[in-house]
Amino acid sequence: MTDSESDITADLVRDLLREQHPDLARLVIHEVAGGWDNQQWRLGDELAVRMPRTERAPDLQRKERRWLPVLAPRLPLPVPVPVRTGEPSARFPKPWTIMTWVPGEPLDRTSISRGDHAADTLAGFLRALHVEAPADAPVSEDRGVHPKKCTDGFDHFFHAVVPDDIADKVRAVWDDAVAAPEWQGPQVWVHGDLHPANVVVSDGTLSGVIDFGDMFAGDPAWDLAAAWVVLPMGAASRFFDAYARADEATIRRARGLAVLRSLFLMLMGQNGDRGLPGGKPAWGPAGRAALDRALRGRLM
(Lines give C-alpha, C1' and ligand atoms only; values in the text may rest on other atoms or scores of the structure.)
Protein backbone atom coordinates (compact mmCIF):
# COMPACT_ATOMS: atom_id res chain seq x y z
CA MET A 1 0.00 0.00 0.00
CA THR A 2 1.16 3.53 -0.69
CA ASP A 3 1.64 6.20 1.92
CA SER A 4 -1.24 8.13 0.36
CA GLU A 5 -3.77 5.39 1.20
CA SER A 6 -4.67 6.94 4.56
CA ASP A 7 -5.22 10.28 2.81
CA ILE A 8 -8.02 8.99 0.58
CA THR A 9 -11.11 10.16 2.44
CA ALA A 10 -14.69 10.93 1.55
CA ASP A 11 -13.86 14.62 1.78
CA LEU A 12 -11.04 14.21 -0.72
CA VAL A 13 -13.27 12.30 -3.14
CA ARG A 14 -15.95 14.97 -2.79
CA ASP A 15 -13.43 17.76 -3.42
CA LEU A 16 -12.10 16.01 -6.51
CA LEU A 17 -15.62 15.60 -7.85
CA ARG A 18 -16.37 19.29 -7.24
CA GLU A 19 -13.25 20.24 -9.17
CA GLN A 20 -13.50 17.85 -12.11
CA HIS A 21 -17.05 16.46 -12.26
CA PRO A 22 -19.24 18.97 -10.42
CA ASP A 23 -22.48 17.49 -11.77
CA LEU A 24 -21.77 14.36 -9.68
CA ALA A 25 -20.53 16.06 -6.52
CA ARG A 26 -23.93 16.12 -4.79
CA LEU A 27 -24.38 12.35 -4.94
CA VAL A 28 -24.04 10.36 -1.72
CA ILE A 29 -20.57 8.82 -1.17
CA HIS A 30 -19.96 5.60 0.77
CA GLU A 31 -16.65 3.80 1.14
CA VAL A 32 -16.73 0.19 -0.07
CA ALA A 33 -14.83 -2.35 2.01
CA GLY A 34 -12.21 -4.48 0.31
CA GLY A 35 -10.07 -3.76 -2.69
CA TRP A 36 -6.36 -4.24 -3.15
CA ASP A 37 -4.92 -1.91 -5.75
CA ASN A 38 -7.81 0.52 -5.58
CA GLN A 39 -9.92 2.01 -2.84
CA GLN A 40 -13.52 2.17 -4.01
CA TRP A 41 -16.29 4.57 -3.10
CA ARG A 42 -19.90 4.09 -4.11
CA LEU A 43 -21.27 7.23 -5.71
CA GLY A 44 -25.04 7.46 -5.63
CA ASP A 45 -26.92 4.33 -6.72
CA GLU A 46 -25.32 3.66 -10.08
CA LEU A 47 -21.67 4.75 -9.97
CA ALA A 48 -18.39 4.02 -8.18
CA VAL A 49 -15.17 6.01 -7.80
CA ARG A 50 -11.96 3.97 -7.95
CA MET A 51 -8.99 5.64 -6.29
CA PRO A 52 -5.56 4.03 -6.88
CA ARG A 53 -3.57 3.17 -3.77
CA THR A 54 -0.71 1.05 -5.13
CA GLU A 55 2.00 1.99 -7.58
CA ARG A 56 0.62 -0.31 -10.27
CA ALA A 57 -3.00 0.77 -9.87
CA PRO A 58 -2.97 3.68 -12.38
CA ASP A 59 -1.82 1.36 -15.16
CA LEU A 60 -4.53 -1.15 -14.23
CA GLN A 61 -7.14 1.60 -14.41
CA ARG A 62 -5.87 2.74 -17.81
CA LYS A 63 -6.21 -0.84 -19.03
CA GLU A 64 -9.81 -1.00 -17.80
CA ARG A 65 -10.63 2.34 -19.40
CA ARG A 66 -9.21 1.13 -22.71
CA TRP A 67 -10.70 -2.33 -22.94
CA LEU A 68 -13.84 -2.67 -20.78
CA PRO A 69 -15.94 -0.55 -23.17
CA VAL A 70 -14.90 -3.01 -25.90
CA LEU A 71 -15.65 -6.16 -23.90
CA ALA A 72 -18.70 -5.18 -21.85
CA PRO A 73 -21.33 -5.07 -24.64
CA ARG A 74 -20.90 -8.75 -25.47
CA LEU A 75 -20.65 -10.11 -21.93
CA PRO A 76 -23.81 -11.69 -20.44
CA LEU A 77 -23.20 -10.44 -16.88
CA PRO A 78 -22.86 -6.85 -15.66
CA VAL A 79 -19.28 -5.60 -15.41
CA PRO A 80 -18.02 -2.15 -14.39
CA VAL A 81 -17.75 0.24 -17.31
CA PRO A 82 -15.68 3.45 -17.12
CA VAL A 83 -17.78 6.58 -17.63
CA ARG A 84 -15.53 9.44 -16.47
CA THR A 85 -11.80 9.99 -15.91
CA GLY A 86 -10.24 11.87 -13.04
CA GLU A 87 -7.00 13.65 -13.85
CA PRO A 88 -3.98 13.98 -11.54
CA SER A 89 -4.03 17.23 -9.62
CA ALA A 90 -2.51 19.07 -6.69
CA ARG A 91 -5.06 17.37 -4.43
CA PHE A 92 -4.35 13.84 -5.67
CA PRO A 93 -1.34 13.01 -7.87
CA LYS A 94 -2.71 9.97 -9.71
CA PRO A 95 -5.45 9.43 -12.30
CA TRP A 96 -8.71 7.97 -11.01
CA THR A 97 -11.86 6.59 -12.58
CA ILE A 98 -15.64 6.80 -12.23
CA MET A 99 -17.30 3.54 -13.27
CA THR A 100 -20.73 1.97 -13.30
CA TRP A 101 -21.69 0.17 -10.10
CA VAL A 102 -22.31 -3.60 -10.32
CA PRO A 103 -25.06 -4.54 -7.84
CA GLY A 104 -24.70 -7.58 -5.61
CA GLU A 105 -22.67 -8.84 -2.67
CA PRO A 106 -19.05 -10.00 -3.20
CA LEU A 107 -18.79 -13.74 -2.79
CA ASP A 108 -16.20 -13.44 -0.01
CA ARG A 109 -19.01 -12.00 2.14
CA THR A 110 -21.84 -14.32 1.11
CA SER A 111 -22.38 -17.72 -0.54
CA ILE A 112 -23.85 -19.33 -3.64
CA SER A 113 -26.94 -21.40 -2.94
CA ARG A 114 -27.95 -22.11 -6.55
CA GLY A 115 -24.89 -24.03 -7.64
CA ASP A 116 -26.19 -25.37 -10.97
CA HIS A 117 -27.41 -21.94 -12.02
CA ALA A 118 -24.10 -20.35 -11.01
CA ALA A 119 -22.14 -22.99 -12.94
CA ASP A 120 -24.16 -22.35 -16.10
CA THR A 121 -23.90 -18.59 -15.60
CA LEU A 122 -20.13 -18.62 -15.14
CA ALA A 123 -19.68 -20.93 -18.12
CA GLY A 124 -21.75 -18.63 -20.31
CA PHE A 125 -19.80 -15.60 -19.15
CA LEU A 126 -16.42 -17.20 -19.85
CA ARG A 127 -17.51 -18.55 -23.23
CA ALA A 128 -18.39 -15.00 -24.21
CA LEU A 129 -15.15 -13.57 -22.78
CA HIS A 130 -12.76 -16.22 -24.09
CA VAL A 131 -12.56 -15.15 -27.72
CA GLU A 132 -9.36 -14.44 -29.59
CA ALA A 133 -7.87 -11.16 -28.44
CA PRO A 134 -6.50 -8.55 -30.86
CA ALA A 135 -2.79 -8.16 -31.43
CA ASP A 136 -2.62 -5.06 -29.22
CA ALA A 137 -4.37 -6.69 -26.26
CA PRO A 138 -2.44 -6.53 -22.98
CA VAL A 139 -0.27 -9.40 -21.82
CA SER A 140 0.71 -10.28 -18.28
CA GLU A 141 4.18 -10.82 -16.89
CA ASP A 142 3.04 -12.97 -13.97
CA ARG A 143 -0.22 -14.55 -15.17
CA GLY A 144 -1.25 -16.43 -18.27
CA VAL A 145 1.88 -18.55 -18.32
CA HIS A 146 2.08 -22.32 -17.93
CA PRO A 147 1.99 -23.50 -14.29
CA LYS A 148 5.56 -24.79 -14.61
CA LYS A 149 6.68 -21.15 -14.66
CA CYS A 150 4.90 -20.48 -11.35
CA THR A 151 6.69 -23.03 -9.21
CA ASP A 152 8.47 -20.44 -7.06
CA GLY A 153 5.18 -18.80 -6.11
CA PHE A 154 3.56 -22.16 -5.48
CA ASP A 155 6.41 -23.29 -3.23
CA HIS A 156 6.22 -20.06 -1.23
CA PHE A 157 2.48 -20.41 -0.63
CA PHE A 158 2.75 -24.15 -0.06
CA HIS A 159 5.28 -23.85 2.75
CA ALA A 160 3.42 -20.92 4.30
CA VAL A 161 -0.09 -22.36 4.63
CA VAL A 162 -0.52 -26.03 3.65
CA PRO A 163 -1.25 -28.36 6.60
CA ASP A 164 0.92 -31.47 6.77
CA ASP A 165 -2.05 -33.85 6.50
CA ILE A 166 -2.95 -32.70 2.96
CA ALA A 167 0.49 -31.66 1.72
CA ASP A 168 0.95 -34.73 -0.50
CA LYS A 169 -2.46 -34.25 -2.15
CA VAL A 170 -1.81 -30.56 -2.80
CA ARG A 171 1.60 -31.31 -4.28
CA ALA A 172 0.16 -34.06 -6.49
CA VAL A 173 -2.45 -31.76 -8.05
CA TRP A 174 0.18 -29.11 -8.70
CA ASP A 175 2.65 -31.58 -10.19
CA ASP A 176 -0.07 -32.86 -12.51
CA ALA A 177 -0.74 -29.31 -13.73
CA VAL A 178 2.98 -28.72 -14.28
CA ALA A 179 3.15 -31.92 -16.35
CA ALA A 180 0.14 -31.00 -18.49
CA PRO A 181 0.73 -29.87 -22.09
CA GLU A 182 0.83 -26.15 -22.79
CA TRP A 183 -2.07 -24.17 -24.28
CA GLN A 184 -2.02 -24.58 -28.04
CA GLY A 185 -4.95 -22.37 -28.95
CA PRO A 186 -5.13 -18.65 -29.74
CA GLN A 187 -4.45 -16.03 -27.11
CA VAL A 188 -7.93 -15.31 -25.74
CA TRP A 189 -9.25 -12.60 -23.44
CA VAL A 190 -8.80 -13.66 -19.81
CA HIS A 191 -10.10 -11.86 -16.71
CA GLY A 192 -7.08 -13.14 -14.82
CA ASP A 193 -8.23 -12.65 -11.24
CA LEU A 194 -11.44 -14.60 -10.67
CA HIS A 195 -11.78 -15.25 -6.96
CA PRO A 196 -14.54 -14.66 -4.37
CA ALA A 197 -13.85 -10.94 -3.91
CA ASN A 198 -14.14 -10.27 -7.65
CA VAL A 199 -17.52 -11.84 -8.37
CA VAL A 200 -20.82 -10.63 -6.96
CA VAL A 201 -23.86 -12.64 -5.98
CA SER A 202 -27.60 -11.90 -5.95
CA ASP A 203 -30.44 -14.33 -5.21
CA GLY A 204 -27.98 -17.13 -4.51
CA THR A 205 -26.19 -17.06 -7.86
CA LEU A 206 -23.60 -15.10 -9.78
CA SER A 207 -24.84 -11.70 -10.90
CA GLY A 208 -21.71 -9.79 -11.95
CA VAL A 209 -17.93 -9.78 -12.35
CA ILE A 210 -15.72 -6.91 -11.21
CA ASP A 211 -12.07 -5.77 -11.13
CA PHE A 212 -10.66 -6.35 -14.61
CA GLY A 213 -7.35 -4.64 -13.88
CA ASP A 214 -5.41 -7.88 -14.44
CA MET A 215 -7.09 -8.81 -17.74
CA PHE A 216 -4.79 -10.12 -20.45
CA ALA A 217 -4.60 -12.25 -23.58
CA GLY A 218 -3.47 -15.76 -22.81
CA ASP A 219 -4.36 -19.25 -21.59
CA PRO A 220 -8.04 -19.57 -20.54
CA ALA A 221 -7.06 -22.06 -17.82
CA TRP A 222 -6.32 -19.06 -15.60
CA ASP A 223 -10.05 -18.25 -15.58
CA LEU A 224 -11.27 -21.86 -15.64
CA ALA A 225 -9.71 -22.33 -12.21
CA ALA A 226 -12.83 -20.50 -10.99
CA ALA A 227 -14.71 -23.78 -11.38
CA TRP A 228 -13.22 -24.65 -7.99
CA VAL A 229 -12.24 -21.25 -6.57
CA VAL A 230 -15.66 -19.61 -7.07
CA LEU A 231 -18.28 -22.31 -7.53
CA PRO A 232 -19.59 -24.50 -4.67
CA MET A 233 -18.69 -28.14 -4.17
CA GLY A 234 -19.89 -30.40 -6.97
CA ALA A 235 -20.48 -27.65 -9.54
CA ALA A 236 -17.23 -27.99 -11.49
CA SER A 237 -18.42 -30.89 -13.67
CA ARG A 238 -21.55 -29.02 -14.70
CA PHE A 239 -19.47 -25.92 -15.38
CA PHE A 240 -17.07 -27.71 -17.73
CA ASP A 241 -19.95 -29.45 -19.51
CA ALA A 242 -21.59 -26.07 -20.11
CA TYR A 243 -18.31 -24.37 -21.08
CA ALA A 244 -17.64 -27.21 -23.55
CA ARG A 245 -14.30 -25.91 -24.80
CA ALA A 246 -11.75 -27.24 -22.32
CA ASP A 247 -9.67 -30.28 -23.23
CA GLU A 248 -8.08 -32.56 -20.65
CA ALA A 249 -4.80 -30.66 -20.55
CA THR A 250 -6.57 -27.34 -19.99
CA ILE A 251 -8.60 -28.79 -17.14
CA ARG A 252 -5.44 -30.17 -15.53
CA ARG A 253 -3.76 -26.77 -15.73
CA ALA A 254 -6.90 -25.08 -14.43
CA ARG A 255 -7.12 -27.38 -11.43
CA GLY A 256 -3.49 -26.73 -10.51
CA LEU A 257 -4.03 -23.00 -10.88
CA ALA A 258 -7.09 -23.33 -8.62
CA VAL A 259 -4.82 -24.81 -5.97
CA LEU A 260 -2.34 -21.96 -6.48
CA ARG A 261 -5.08 -19.34 -6.12
CA SER A 262 -6.52 -21.12 -3.07
CA LEU A 263 -3.16 -21.06 -1.30
CA PHE A 264 -2.79 -17.35 -2.07
CA LEU A 265 -6.22 -16.67 -0.57
CA MET A 266 -5.28 -18.69 2.51
CA LEU A 267 -2.05 -16.72 2.93
CA MET A 268 -3.89 -13.40 2.64
CA GLY A 269 -6.34 -14.66 5.24
CA GLN A 270 -3.48 -15.67 7.51
CA ASN A 271 -1.94 -12.21 7.10
CA GLY A 272 -5.29 -10.64 7.94
CA ASP A 273 -5.62 -12.72 11.10
CA ARG A 274 -2.18 -11.48 12.12
CA GLY A 275 -3.07 -7.86 11.40
CA LEU A 276 -0.46 -7.52 8.66
CA PRO A 277 -0.83 -4.84 5.95
CA GLY A 278 -2.90 -6.01 3.00
CA GLY A 279 -4.26 -9.02 4.88
CA LYS A 280 -7.84 -10.13 4.26
CA PRO A 281 -9.30 -12.21 7.12
CA ALA A 282 -12.34 -13.30 5.08
CA TRP A 283 -10.13 -14.76 2.38
CA GLY A 284 -8.72 -17.49 4.60
CA PRO A 285 -11.93 -19.56 4.92
CA ALA A 286 -12.74 -18.91 1.25
CA GLY A 287 -9.32 -20.16 0.24
CA ARG A 288 -9.48 -23.31 2.37
CA ALA A 289 -12.94 -24.15 1.00
CA ALA A 290 -11.66 -23.64 -2.55
CA LEU A 291 -8.65 -25.85 -1.84
CA ASP A 292 -10.90 -28.62 -0.53
CA ARG A 293 -12.99 -28.43 -3.71
CA ALA A 294 -9.92 -28.53 -5.94
CA LEU A 295 -8.44 -31.53 -4.11
CA ARG A 296 -11.71 -33.47 -4.40
CA GLY A 297 -12.66 -32.19 -7.82
CA ARG A 298 -10.85 -34.40 -10.32
CA LEU A 299 -12.99 -34.64 -13.46
CA MET A 300 -11.05 -37.15 -15.56
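Visitor: At what angle do the axes of helix α4 and helix α9 cross?
Guide: Two packed helices are described by the angle between their axes and the distance between the axes. Here α4 (residues 151-161) and α9 (residues 248-273) have axes that come within 9 Å and cross at roughly 50°. That makes α4 oblique to α9 (under 35 degrees counts as roughly parallel, over 145 as roughly antiparallel, 65 to 115 as roughly perpendicular, the rest as oblique). Axes are lines fitted to C-alpha atoms, over the stretch in contact for helices, and angles run from 0 to 180 degrees between N-to-C directions.

Visitor: Which residues of α4 and α9 make the contact?
Guide: Contact means heavy atoms within 4.5 Å. Among them are F154, F157 and F158 of α4 and L260, L263 and F264 of α9.

A caveat: this is a predicted model, where local features need pLDDT of at least 70 and side-chain atom pairs pLDDT 80 or more, while totals for chains, interfaces and linings use all residues. Residues are numbered from 1 along each chain as its sequence is written, and side-chain values use heavy atoms, leaving out hydrogens and water.

Visitor: Is strand β3 buried or exposed?
Guide: Buried means under 20% relative accessible area, exposed over 50%, partly exposed in between (1.4 Å probe, protein chains only). Six of the six residues of β3 (residues 47-52) are buried, so β3 is largely enclosed by the rest of the structure. L47, V49 and M51 point one way, and A48, R50 and P52 the other.

Key:
Helix = DSSP H or I, 4+ residues; strand = E, 2+ residues; numbered from the N terminus.
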